[in-house]
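Subject: A structure for you to look at

Hello,

I am passing a structure on to you, and my notes follow below it. Please have it open while you read.

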Amino acid sequence: MANRGGFSSKLGFIFAAAGSAVGLGNIWKFPYEAGLNGGAVFLVIYLILTVVVCYPIMVGEIAIGRRAQADAYGSYKKLGGRKWGLIGLFGIICGVMILSFYNVVAGWAFGYFLEISFGSLLKQGNYSEFFSSYVADITDNFIFSFCFMIITAFIVVKGVQGGIEKASKILMPVLFIILIGLIIYAVTLPNALDGVKYYLLPDFSTFRAEALYSALGQAFFSLSLGMGALITYGSYISKNDNIISSAAMITIMDAGVAFLAGLLIFPLIFSQNLEPTAGPGLVFVVLPGVFEAMGPFIGRIIGGGFFLLLCFAALTSTISLLEVPVAYLVDEKKWPRKRVVWLLGLVVFLVGIPSMLSQGAVEMFTKLGFYSDKDFLTFVAEVFSDVSLPLGGCLMSIFIAVKWKKENFSDEIAQGNPKYKGSFLEKFINVMITVISPFILAFLFINTVLAKFFEISLI
C-alpha cells in the first residue's frame with residue numbers, strides 16, 4: 001500500500017468515494033428520471049432499492065478492493081484467479097467508455113456555466129433550438145470537453161492523497177453549499193410548494209412497472225457500482241477502516257445529493273408552471289427558461305450557480321472514472337502514473353469524439369441505423385451504463401458467493417468492525433449478495449437488454 005499510495009484518513013476516503021458516486025447521475029439524470037416516473041413515487045422506489053440492493057453491493061466492492069490491495073482486474077485475479085480477473089477488466093472497460101461520453105456532457109455543463117454567467121444564453125428565448133445547435137457545434141464541444149479532461153487529469157496525476165483526496169475534500173463541501181443555497185432560494189418562489197408536493201407526496205396511482213428498473217439502473221449509475229471504481233478506491237484504505245459505516249456514509253451522501261437535486265429542480269419547474277416530464281433535456285432546455293424568468297441579474301447568479309454545481313458534481317466523478325484504468329496500468333503494467341494519466345486522458349477524449357459528433361455534427365453518428373436510429377452517445381450510454389453496470393454487479397455477487405465465499409467476505413469486513421460477525425447486518429448483507437442480488441440484477445440485465453434492443457419488457 002505504501003508504494004501504491006492511499007487515503008490519509010477515513011474521511012478522505014468517504015469524500016473521495018462519495019465524490020465518485022455524486023455526479024451528473026444525481027443532478028442531471030435523477031431529476032429527469034423522477035419527472036418521467038411520477039416524482040415522489042420514483043423517489044420512494046429509488047431510496048428503497050438504494051438501501052436494500054445497492055448498499056450491500058457497495059460493501060462487497062470495497063471489501064474486495066481492500067482485501068486484495070489492487071486495481072479492479074488485479075483484485076479479482078488475486079482473490080479468484082486469472083479467469084475471474086475478467087470481471088474486473090470488464091468493469092474497467094465500462095468505466096472508460098462511460099467516461100468518454102460523460103466528459104462530453106460535462107463539457108456541455110461547463111459551456112452552459114460560461115454562457116449563462118458571462119454570455120448571452122439567457123436571451124435566446126427558444127432554448128430547445130439553442131441546445132440542439134449548441135451540442136451540434138463541434139468547436140465549443142471540443143474545447144470545453146478537452147478542458148474538462150485536462151482538469152480531471154491534472155488532479156489524478158497528483159496521486160491518491162495529493163490529488164484525488166485533496167480535491168474531493170474541497171469539491172464535496174462546496175457542492176453541498178451551492179446546492180443548499182440554491183434550494184433555499186427555489187422554495188421561496190411562487191408555486192414552488194406545488195413542486196415540493198409533487199416530489200415528496202407520492203401518488204401510487206401513477207406507478208408504472210418501468211419505474212422499478214429505471215430506479216435500480218439509476219441507483220447503479222449514480223453510485224458508480226459495477227465499474228471497478230469502488231474496488232479501486234477500496235484498495236487504498238486501511239485494514240482498520242470500518243467498511244460498513246464508510247459505505248453507509250457514501251450511500252447517504254449520494255442519495256442525499258440526488259434528493260436535494262430534486263428538491264431544487266421541481267420547485268424551479270413548477271414556479272414557472274412547466275411540466276416535469278421533459279426527460280434528458282430537463283436541465284439544459286427547461287431550466288434556462290426558468291432562470292431567464294428570474295430576471296437578468298438573479299437569473300445569471302442562480303443559473304450560473306446551478307451549472308457550476310453541475311460542473312463540480314461531474315468533476316468528482318470524472319476523477320474516479322479516470323483513476324480506475326490508471327490504477328490498472330500502474331499496478332499491472334508498472335507504468336509511471338504521470339505518463340499513464342496523460343496518455344489515458346488523451347485516449348478517453350479521442351474515444352469520446354464520436355459521442356461529441358453524434359448530436360447533429362455528423363450524420364453517421366447522429367443516427368445509427370442498427371440501433372433504432374439513436375445517436376452514438378445514447379448507444380454508448382445505454383450499452384455501458386444501463387446494460388453493463390447491473391451485469392457487473394451481478395458478476396461481483398456471484399464471485400463472492402461462488403469463489404471468494406461469504407465467510408472470507410465477512411472476515412474482511414470484521415477486521416475494521418469486530419461486532420459485524422454474527423450480527424443481523426452480516427446475515428442481511430450475505431443473503432442479499434449471495435442469494436437475492438444475483439437474481440435481481442440478472443433480471444434487470446435481461447430486461448434492459450430486451451427493452452433497449454428489442455423493445456420488449458418483462459414487467
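Where is the place of Ser224? Ser224 sits in the loop between α10 and α11 (229-234); helices (H or I, at least four residues) and strands (E, at least two) are DSSP runs, numbered from the N terminus.

Two words on the background before going further. This is a predicted model, in which local features need pLDDT of at least 70 and side-chain atom pairs count only at pLDDT 80 or more, while totals for chains, interfaces and linings use all residues. Residues are numbered from 1 along each chain as its sequence is written, and side-chain values use heavy atoms, with hydrogens and water left out.

Ser224 has a relative accessible area of 5%, so it is buried (buried is under 20% relative accessible area, exposed over 50%, partly exposed in between, with a 1.4 Å probe and protein chains only). Leaving out residues up to four places away in sequence, Ser224 touches Ser20, Ala21, Glu61, Ala229 and Leu230, where contact means heavy atoms within 4.5 Å.

The structure holds two cavities of 30 Å³ or more. On a 1 Å grid over the protein atoms alone, a cavity is a set of points where a 1.4 Å probe fits but cannot get out, and a pocket is an open set with protein on both sides within 12 Å along at least five of seven lines; lining residues have an atom within 4 Å of a point. Grid points are joined across faces, edges and corners, and a volume is the space filled by probe spheres set on the points.

The largest cavity has about 80 Å³ of space. It is lined by 15 residues, and Ser20, Tyr102, Phe221, Ser224 and Ser317 are the closest to its centre. Two or more lining residues come from each of α1 (10-21), α2, α5, α10 and α14, with α2 giving the largest share, three residues.

**The largest pocket**

The volume of the largest pocket is about 800 Å³. Of its 29 lining residues, Tyr32, Glu33, Glu382, Asp386 and Lys452 lie nearest the centre. The elements that give two or more residues to this lining are α2 (24-36), α5, α10 (210-222), α18 (376-404) and α20 (424-454).

**Helix α15**

Helix α15 (residues 337-351) has 15 residues and reaches 21 Å from its first C-alpha to its last, close to the expected 21 Å; the expected span is 1.5 Å times one less than the number of residues. Its buried residues are Arg337, Val340, Val341, Leu344, Gly345, Val348 and Phe349. Seen down the axis of α15, they fall within an arc of 155°, so they line one face of the helix (the arc is that of the directions from the helix axis to the C-beta atoms). Lys338 and Arg339 are exposed on the other side of α15. The buried residues of α15 pack against α5 (85-118), α7 (138-156), α8 (160-186), α14 (296-332) and α16 (353-357).

The largest nonpolar core has 171 residues, of which Phe284, Phe291, Phe306 and Phe307 touch the most other members. Such a core is a set of buried Ala, Val, Leu, Ile, Met, Phe, Trp, Tyr and Cys residues joined through side-chain atoms within 4.5 Å. The most residues in this core, 18, come from α5.

In helix α3 (residues 40-68) you will find Ala68, which counts as buried at 0% relative accessibility. Val44 also lies in α3, and at 29% relative accessibility Val44 counts as partly exposed.

Enjoy exploring!
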